[in-house]
Amino acid sequence: RFFNLYCCLAVMRKEDPLRNEGYAECEQIRNLPLWGKNQPVSIGKQISRHVAFMKRRRQNRIQSGQKVGGPFRFALSPSHIKLDVPTGSVVSYLALTDLGPVSMDDQLPRFFRFAEHYWRGSDHFNDGLLVEANKSYGRALRVAPAPHHWLATAFQIQRIHERLGEYEQVSALRLAIRKRLKMTGRYQLWAEARDLAFAALMELRNKRLDAAERFYLRALAKAGNHGLFDVIGSCHNGLGVIEKQRGNFSEAMGHYFRALDAWLLVDYFYGFQSVFFNIGVIYRSWGAQMAESGFPREAKEKYEKAIIWTEGGMSICTKLGIGYDMSEDKGLLSHLYRKIGKIEKALGLATEA
């Protein structure tokens, strides 16, 4: 932790002395790798004790505005600070994204290369071209400027392997991801929540519902109090699928509505389509349950509600061009129209799917 602190103070003093005179606030230090679980007051106390210890050894090189409250900086002139690697490497390692243009200049060309490969990967993924997406994301991974950029790309590559059913590759990649989680500084909470949510999805794919639920709840605990609405939506959508598979339709519906509520706040309408489809599945299962229990009129009402939600999802698919999910929607819709006796329409939709 103190090595990371010294690296941060060295870069801020050497590369950005005009901004706050090279001082780092406790809140900034909190964003460094391995410091994230400490409150600012605790950080100030730890550095103060460290300074006292180094003074007794006559080796102290840190000065502070206040003994405990900080801010802190290197008590060396910028010309006496030597870095044995490029500044950009230290910035990337520490995820120091707020040093200002002076220290980030050498990162900009690399960042633009990364961004181009990343958006191309996302474009291919949204078109269903998974092999091409994997190639573009692989190029982005090799030039990722900072740990959180690397992780964002790795999470996307995980999704590709999951879609292709390549679960061994998913597991191997997760090991690499977990080794880098603590290098992300201020983004560590986001990275941990994303990792847990994806681990939950893999347990769900393997029909291990209890394990999936535990992972989703852990991810939700990290994301829930920090406004990570994309992760919150993923967790509630997954928990809805779990409750649906357990036959708890009302509980599943509650989770689906919370997923819609979270994803609305981040404009994630790809997620909306998924939830619309899942609610359609719930009403279909409810209808089948009613039919088996001898309530044909109630069953038809459930099927008709399923059609409304599924067609809503198809409308989103049409606007966003989601071909893979459109086929899923039309397959479900075909089944529902067959259930209410509209055979020709069901056949047409099945053919389109």
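Trainee: Is Ser-285 buried or exposed?

Mentor: In this predicted model, local features need pLDDT of at least 70 and side-chain atom pairs count only at pLDDT 80 or more, whereas totals for chains, interfaces and linings use all residues. Residues are numbered from 1 along each chain as its sequence is written, and side-chain values use heavy atoms, with hydrogens and water left out. Buried means under 20% relative accessible area, exposed over 50%, and partly exposed in between, with a 1.4 Å probe and protein chains only. Because its relative accessible area is 16%, Ser-285 is buried.

Trainee: Which residues does Ser-285 touch, not counting residues up to four places away in sequence?

Mentor: Ser-285 belongs to helix α14, residues 269-292, where helices are DSSP runs of H or I with at least four residues, strands are runs of E with at least two, and both are numbered from the N terminus. A contact requires heavy atoms within 4.5 Å. With residues up to four places away in sequence set aside, Ser-285 touches Lys-244 and Phe-249.

Trainee: Is Ala-350 buried or partly exposed?

Mentor: Ala-350 lies in helix α17, which covers residues 343-352. Its C-alpha atom is 17 Å from that of Tyr-303, a residue 47 positions away along the chain. Since the relative accessible area of Ala-350 is 41%, this residue is partly exposed.

Trainee: What distance separates the end C-alpha atoms of helix α7?

Mentor: The expected span of a helix is 1.5 Å times one less than its number of residues. Helix α7 has 13 residues, 130-142, and should therefore span 18 Å. The model agrees with this expectation, as the end C-alpha atoms of α7 are separated by 18 Å.

Trainee: Which helices are included in what covers the buried residues of α7?

Mentor: The buried residues in α7 are Leu-130, Ala-133, Ser-136, Tyr-137, Gly-138 and Ala-140. An α-helix has 3.6 residues a turn, so residues three or four places apart point the same way. The cover over the buried residues of α7 includes α6 (108-126) and α8 (147-163).

Trainee: What radius of gyration does the protein chain have?

Mentor: The C-alpha atoms of the protein chain fill a box of roughly 85 × 35 × 35 Å along the principal axes. The radius of gyration is taken over C-alpha atoms, and the globule rule is 2.2 Å times the number of residues to the power 0.38. For a compact globule of 353 residues the value would be near 20 Å, but the protein chain has 26 Å.
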